[in-house]
Amino acid sequence: MTALLAELTARGFVADLTPGLEERLARGPVIGYAGFDPTSDSLHVGNLVPVMGLAWLQRAGGTPIVLVGGGTGLIGDPSGKRAERPMLDTAQVVANARGIEAQLRRFVSFEGKHGARVRNNLEWLGELRLVDFLRDVGKHFTVSYMLQKESVKSRMETGISFTEFTYMLAQAHDFWHLHRHEGCELQVGGSDQWGNITAGCELISRREGQQVHGLVFPLLTTGSGAKFGKSEDGNVWLDPAKTSPYKFYQFWLNQEDADVERFLKLFTFLPLDGIAAIGQRHRADPGKREGQRRLAAEVTALVHGRETADRVAAASEVLFGGQDIATATGEVLAVLADEIPVHRVTASALTGGMPLVDALVAGGLAATKAEARRGLEQRSYSVNGQKADGNRSLGATDLLAGRFVLLQKGKKHYAMLVAG
């Protein structure tokens, strides 16, 4: 498995690793895990780096364990947080864990010799007795050791509860449990998890006399220094009910030129030489946005499926890429209807002829009929991509795919009439 570390390094995954990991990988397949706290019922794009790390582990011949933190989620990880997280009740954590588990199954295979495993640490932490925890875990760590960890040190000024203070020990116990019962020898995660991961390595060394390893990934920022994974609406979720596939696609399409090649390495399985070629063509003609288009297409297909990715890409081309809307399928037009303002009309209303000024007001592209008429005189409006004048009426022949009429004001404002 020596190729795994070379692949991850070349793709920008490696921020730090424990000594001896390369030698361990050279001896053969390894079982490794990453943990995900169920603070929501969906992962977001900020979680994709460790998810992809597990996927590469499996591709190299290793066995990934997806650890859903049903137990640690009841405590709350202080890493990278300025204040204590709100406490979730058990029912909410269990429900969130189910949602996350379903999403993770899209990235790794659960079939075959190296099929992925899903575990929920509520299974063992929920049954752990306090005396056993203090005796078997707590006695191996001094307070001074724990205070040196960045996740604790950074919170000393603002305050950290005893509950969060012990999170490190709960995560260390997870690593020990997976090592003892699953043969796990590697934990991966974001670089803010380094202290928790090395605590687990220390616990296993002391309790079992075995060497295990940690590998942490960089916490991403964009080329402009902004935190990766945020949009104007907040987190970009993998759940299509929280972030639509169209908005998900647009998030990746809107990445900065300086980030495209780096993100292609991190978030796709495209070969490195292919990514280099895309990057070279992109730098030669950034205006074509080839890099962003390929990035958006690949990640959307990975998360939502290729068919959905093709539909939202086509919808994006209709609005922003100059594609003739008359060639769009009903499925693509339905995607647009979910993303722009919609006014529903009866088929009979169009059969009799609907004045365009009425449609523009109904669609929210003009406040009044007078404003609509002025805009039409200035040729500011379009119907199905064609400039319209003040005498225009809409009829059944304007319906695309038998149901849709796309109205546009200027270059950025849209509305859609939907018949039926």
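Accessible areas here come from the Shrake-Rupley method with a 1.4 Å probe.

**Figure 1. Overview of the predicted model.** This is a predicted model. The accessible surface of the protein comes to about 19,500 Å². Carbon and sulfur atoms hold 50% of that surface. The C-alpha trace spans about 85 × 45 × 40 Å along its principal axes. The protein has 20 helices and 15 strands. Of its 420 residues, 50% are buried. Take the contacts between residues at least 6 apart in sequence: 71% of them join residues at least 24 apart.

**Figure 2. The six-strand sheet.** Strands of a sheet pair through backbone hydrogen bonds, and the pairing can be parallel or antiparallel. Here, 6 strands make up an open sheet with mixed pairing. Their order is E1-E6-E5-E2-E3-E4. Strand E1 (16–17) and strand E4 (117–120) are the edge strands. Each of these two pairs on one side only.

**Figure 3. Strand E2 and its two neighbours.** Strand E2 covers residues 31–36. E2 is largely enclosed by the rest of the structure, because 5 of its 6 residues are buried. On one side, E2 runs parallel to E3, and 6 bridges join the two. Ile31 stands opposite Thr63 of E3. E2 also runs parallel to strand E5 (residues 186–190), with 2 bridges between them. In that pairing, Tyr33 has Gln187 of E5 as its bridge partner.

**Figure 4. Helices H4 and H10 on the sheet.** Two helices are shown against the strands. Helix H4 (residues 90–104) lies across E2, strand E3 (63–68) and E4. H4 runs at about 160° to E3. Helix H10 (residues 167–182) also packs on the sheet. H10 touches E2, E3, E4, E5 and strand E6 (213–217). The direction of H10 makes about 145° with that of E2.

Figure 5. Helix H11 runs over residues 194–208. Its 15 residues should span 21 Å at 1.5 Å a residue, and the end C-alpha atoms are 21 Å apart, so the two values agree. The buried residues of H11 include Gly195, Asn196, Ile197, Thr198 and Ala199. Gly200, Cys201, Leu203 and Ile204 are also among them. The buried residues pack against helix H6 (130–136), helix H7 (143–147) and helix H8 (150–153), among other elements. H10, E5 and E6 are also packing partners. Just after H11 comes Gly209, with a positive phi of about 65°.

Figure 6. A disulfide is a covalent bond between the sulfur atoms of two cysteines. The cut-off used here is a pair of cysteine sulfur atoms within 2.5 Å. By this rule the model has 0 disulfides. Cys184 is in no disulfide. The cysteine sulfur nearest to that of Cys184 belongs to Cys201, 9.8 Å away. Cys201 is likewise in no disulfide, with the sulfur of Cys184 as its nearest at 9.8 Å. Are these residues buried or exposed? Buried means under 20% relative accessible area. Cys184 is at 0% relative accessibility, so Cys184 counts as buried. Cys201 has a relative accessible area of 11%, so Cys201 is buried too.

**Figure 7. The five-strand sheet.** An open sheet of 5 strands has mixed pairing. The order is E9-E15-E14-E11-E12. Its edge strands are E9 and strand E12 (386–387). Each edge strand pairs on one side only.

**Figure 8. Strand E15 between E9 and E14.** E15 sits between E9 and E14 in the strand order. Strand E15 (residues 413–419) is mostly covered, with 6 of its 7 residues buried. Which way does each neighbour run, parallel or antiparallel? Strand E9 (residues 342–345) pairs with E15 in the parallel sense, over 4 bridges. Strand E14 (residues 404–409) pairs with E15 in the antiparallel sense, over 6 bridges. Here Val405 has Leu417 of E15 as its bridge partner.

**Figure 9. The E14–E15 hairpin turn.** E14 and E15 form a hairpin. There are 3 residues between the two strands. Gly410 lies in the turn and has a positive phi of about 65°.

Notes. Residues are numbered from 1 along each chain as its sequence is written. This is a predicted model: local features need pLDDT of at least 70, side-chain atom pairs count only at pLDDT 80 or more; totals for chains, interfaces and linings use all residues. Side-chain values use heavy atoms; hydrogens and water are left out. Buried means under 20% relative accessible area, exposed over 50%, partly exposed in between (1.4 Å probe, protein chains only). Two strands pair if DSSP finds at least two bridges between them. Contact means heavy atoms within 4.5 Å. Axes are lines fitted to C-alpha atoms, for helices over the stretch in contact, and angles run from 0 to 180 degrees between N-to-C directions. The expected span of a helix is 1.5 Å times one less than its number of residues.
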